[in-house]
Amino acid sequence: MNSQVAERFTNYYAKWMSQLEDLLKILLLVSRDCHQEAGYEAIVNKFTSHHKELYMIKWALADEDILAFFHSVWLSPLENAYLWITGWKPSMAFRLVDTLISKSERQSGGSLRGMTDEQVEKIEALRVKIGLEEERVESEMERQQVSVADRKMVELVKLEIQAKKNGSPEAVTKVNELVEVALKGMLAGLQKVMKMADSARLKTLKGVLEVLTPRQCVDFLSAMSMLQIQTRKWGLKKSLLNQ
C-alpha cells in the first residue's frame with residue numbers, strides 16, 4: 001500500500017514530466033534558429049527552474065516520508081533499475097557531453113563540435129570534482145547501510161525478542177520506544193544521503209551549463225530531456241506488456 005507522500009509525488013511527477021515534454025518541444029524549436037541568443041538563455045533558465053522545483057518538492061515531502069523516495073512507485077521498473085540514490089547519476093551528464101561531441105564530429109555539425117580547449121578543460125575539471133562527490137555520497141550510503149548491523153542495533157533486536165517472549169507490557173513499551181528512536185536515526189541518515197545525491201545532481205547540471213554557450217546548453221538539455229522522456233516511455237510500455 002502506497003503512502004500519501006508517494007501518491008502525492010506520483011501525481012506531481014506525472015505533471016512534471018508532461019511539462020518537461022512541453023519544454024523539450026520549445027528547446028527543439030529554439031535550436032533550429034541560429035539567431036536566437038536571448039531565446040536560448042530564456043529557455044535554459046526555464047529548464048533549470050523546472051528541475052530546481054522538482055528537488056524543492058521532493059525535499060519537502062521527504063520530511064514527511066523519506067522511504068517513499070527509496071521505493072519510487074511513480075517510476076517504471078526500467079527507470080528504477082537505473083537509479084542512483086533516488087535519481088540520475090551525475091557522471092551520466094559527462095558521458096552525454098562526450099556522446100554529443102562525438103556525434104557532432106562524425107556528422108560535421110552540432111554546437112558541441114565547436115567547444116574550445118578552455119571549455120574542454122573546465123568540463124574535465126568538473127568531471128573530476130563531481131566524481132569525488134559521487135564517491136563521498138556512495139561512502140555515506142554504505143555507512144548508513146552497514147550501520148544496520150552495528151552493536152546497538154543487534155542488542156535492540158535481542159531486547160525486542162526477549163520483551164515479547166517475557167510478555168511484559170512495560171518492557172515491550174520501553175523497547176518499542178527505543179526502536180522508534182533507532183528508526184528515526186536511520187531515516188534521518190537516509191534523508192541526508194538523498195540530499196547529498198540531489199545536491200551533486202544540481203551542481204553537475206549548473207556546472208555543465210555554466211561552461212557551455214547558450215546554444216550548446218540548448219543542445220545538451222534537449223538530449224538530456226529526450227533520454228529521460230524516452231526511457232520513461234520505454235519503461236511504461238514494457239510494464240504494460242508484462243501485465
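Which residues form one aromatic cluster? I looked this up in what is a predicted model, and the cluster is made of Phe 9, Tyr 12, Tyr 13, Trp 16, Phe 69 and Trp 74.

**Entry: ring pairs**

I got a count of seven aromatic pairs. I started with Phe 9 and Tyr 12: their ring centres are 5.7 Å apart and the planes sit at 45°, between the 30 and 60 degree cut-offs, so I logged this pair as tilted. Both residues belong to helix α1 (residues 4-31), and three residues, about one turn of the helix, separate them. I checked burial too, and Phe 9 and Tyr 12 are both buried.

Next I took Tyr 13 and Trp 16, which make a stacked aromatic pair, with 5.9 Å from centre to centre and 15° between the planes. These two are about one helical turn from each other, because they are three residues apart in helix α1. Tyr 13 has 7% relative accessibility, so I put it down as buried. Trp 16 comes out at 0%, so it is buried as well.

**Entry: the whole chain**

I find eight helices and zero strands in the protein. The radius of gyration is 22 Å, whereas a compact globule of 243 residues would be near 18 Å.

For contacts with a separation of 6 or more, I get 80% from residues 24 or more positions apart. I have 40% of the 243 residues down as buried.

**Entry: surface and charge**

The accessible surface is about 14,700 Å², and carbon and sulfur atoms hold 57% of that. I also placed the charges: 34 positive and 32 negative, with mean positions 3 Å apart.

Methods
Residues numbered from 1 in each chain as written. Predicted model: local features only at pLDDT ≥ 70, side-chain atom pairs only at ≥ 80, totals over all residues. Heavy atoms only, no water. Phe/Tyr/Trp six-rings, centres within 6.5 Å; stacked < 30°, edge-to-face > 60°. Helix = DSSP H or I, 4+ residues; strand = E, 2+ residues; numbered from the N terminus. Buried < 20%, exposed > 50% of the residue type's maximum accessible area, 1.4 Å probe, protein only. Rg over C-alpha atoms; globule rule 2.2 N^0.38 Å. Contact = heavy atoms within 4.5 Å. Areas by Shrake-Rupley, 256 points an atom, 1.4 Å probe, with all protein chains shown as cover. Lys, Arg positive; Asp, Glu negative; His and termini not counted. Charge placed at Lys NZ, Arg CZ, Asp CG, Glu CD.
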